[in-house]
Amino acid sequence: AAEHARRDSVNERSSKTLTSAGALVTLTLAVFAVLLGKDFTLSGWAKTFVVAALACLLVSAICSVVAGFPWRMTRTKYATLEAMLRKRWGDTEVTARGATAFANLQAIKSLRPGTDKKFKFLLAAGILPIFAIASLVAATICVASAQSKSPTAAPTPQTQTTKGNIP
């Protein structure tokens, strides 16, 4: 039961991580679009950092899908369980406990390696957004420093025209 609960926990957390990665991608692109305007074009390091962040978030989403994918596992066959109820019902308590323990051991041997692999993908899916956020911070710093260094346009001189005679 504990091994099944562990696998269920990984599956549940992987779906939440996938949702988070998707939300971060959407939010990131929306914030950059709003703050920088439609005519702004990313270039240089800022563009590199944004692309790196998006790549991290997309790989995180892929890892989340892989972690949540239903992997193959073996279970005690129905015929074996039925035989335990019909043919082996008269066994001693010690023998019955041994048979039950063996069936549980087989389930754990089947579940644990797959759950461990799923957990590694989930761990990667949780770590990658940290790198993505760091890349977005770096991109923001690059954009902010580039905008502060850009020269401000000098005001254009205005001329005033008057109608009539000029004294």
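Modeller: Let us start with one residue. This is a predicted model, and every value here is computed from it. Val 25 is buried, with a relative accessible area of 17%. Its place is in helix 1.

Colleague: Why does Val 25 count as buried?

Modeller: Buried means under 20% relative accessible area. Val 25 has 17%, so it counts as buried.

Colleague: Which residues is Val 25 in contact with, leaving aside its neighbours within four places in sequence?

Modeller: Leu 54 and Leu 57. Take Leu 54. Along the sequence, Val 25 and Leu 54 are 29 residues apart. In space, their C-alpha atoms are 6.5 Å apart.

Colleague: How do I read a nonpolar core?

Modeller: The general idea comes before the case. In soluble globular proteins, nonpolar side chains tend to be buried together. Here the largest nonpolar core has 9 residues. Val 25 is one of them.

Colleague: Now helix 2. What span should its 25 residues have at 1.5 Å a residue?

Modeller: Helix 2 covers residues 44–68 and should span 36 Å. Its end C-alpha atoms are 36 Å apart, which agrees with that expectation.

Colleague: Which residues of helix 2 are buried?

Modeller: Among them are Ala 46, Val 50, Ala 53, Cys 56, Leu 57 and Ser 60. Further along helix 2, Ala 61, Cys 63, Ser 64 and Ala 67 are buried too. Keep the helical repeat in mind when you read such a list. An α-helix has 3.6 residues a turn, so residues three or four places apart point the same way.

Colleague: Ser 60 is on that list. What is its relative accessible area?

Modeller: It is 0%, and Ser 60 is buried. Look at its contacts, leaving aside neighbours within four places in sequence. Ser 60 is in contact with Thr 17, Ala 21, Ala 125, Leu 128 and Pro 129.

Colleague: Let us move to charges. How do I read a salt bridge?

Modeller: Side chains of opposite charge can pair when their charged atoms come close. A search of the whole structure finds 1 salt bridge. The side chains of Glu 93 and Arg 97 meet in it, at 2.8 Å from N to O.

Colleague: How many residues apart are Glu 93 and Arg 97 in helix 4?

Modeller: They are 4 residues apart, so about one helical turn separates Glu 93 and Arg 97.

Colleague: Are Glu 93 and Arg 97 buried or exposed?

Modeller: Glu 93 is exposed, with a relative accessible area of 54%. Arg 97 is exposed as well, at 57%.

Colleague: Where do the ends of helix 4 fall?

Modeller: Helix 4 runs over residues 93–149. Gly 114 lies in helix 4. Gly 114 is buried, at 12% relative accessibility. From C-alpha to C-alpha, Gly 114 is 8.6 Å from Arg 7, though the two are 107 residues apart in sequence.

Colleague: And Phe 119?

Modeller: Phe 119 is in helix 4 too. At 33% relative accessibility, Phe 119 counts as partly exposed. Leaving aside its neighbours within four places in sequence, Phe 119 is in contact with Val 10 and Arg 13.

Colleague: Which residues form the nonpolar patch on the surface?

Modeller: Leu 27, Val 31, Val 34 and Leu 35. Together they have about 420 Å² of accessible area. Leu 35 is in helix 1, residues 2–36. Leu 35 is exposed, at 67% relative accessible area.

Colleague: Finally, the whole chain. How many helices and strands does it have?

Modeller: The chain has 4 helices and 0 strands. Buried residues make up 22% of its 167 residues. Take contacts between residues at least 6 apart in sequence: 93% join residues at least 24 apart. The accessible surface comes to about 12400 Å², and 66% of it belongs to carbon and sulfur atoms.

Definitions and conventions. Residues are numbered from 1 along each chain as its sequence is written. This is a predicted model: local features need pLDDT of at least 70, side-chain atom pairs count only at pLDDT 80 or more; totals for chains, interfaces and linings use all residues. Side-chain values use heavy atoms; hydrogens and water are left out. Patches are made of residues with over 30% relative accessible area and no salt bridge: like charges are joined within 9 Å, nonpolar side chains (Val, Leu, Ile, Met, Phe, Trp, Tyr) within 5 Å. Accessible areas come from the Shrake-Rupley method with a 1.4 Å probe; for residues, only the protein chains shown count as cover. A salt bridge is a side-chain nitrogen of Lys or Arg within 4 Å of a carboxyl oxygen of Asp or Glu. Helices (H or I, at least four residues) and strands (E, at least two) are DSSP runs, numbered from the N terminus. Buried means under 20% relative accessible area, exposed over 50%, partly exposed in between (1.4 Å probe, protein chains only). The expected span of a helix is 1.5 Å times one less than its number of residues. A nonpolar core is a set of buried Ala, Val, Leu, Ile, Met, Phe, Trp, Tyr and Cys residues joined through side-chain atoms within 4.5 Å. Contact means heavy atoms within 4.5 Å.
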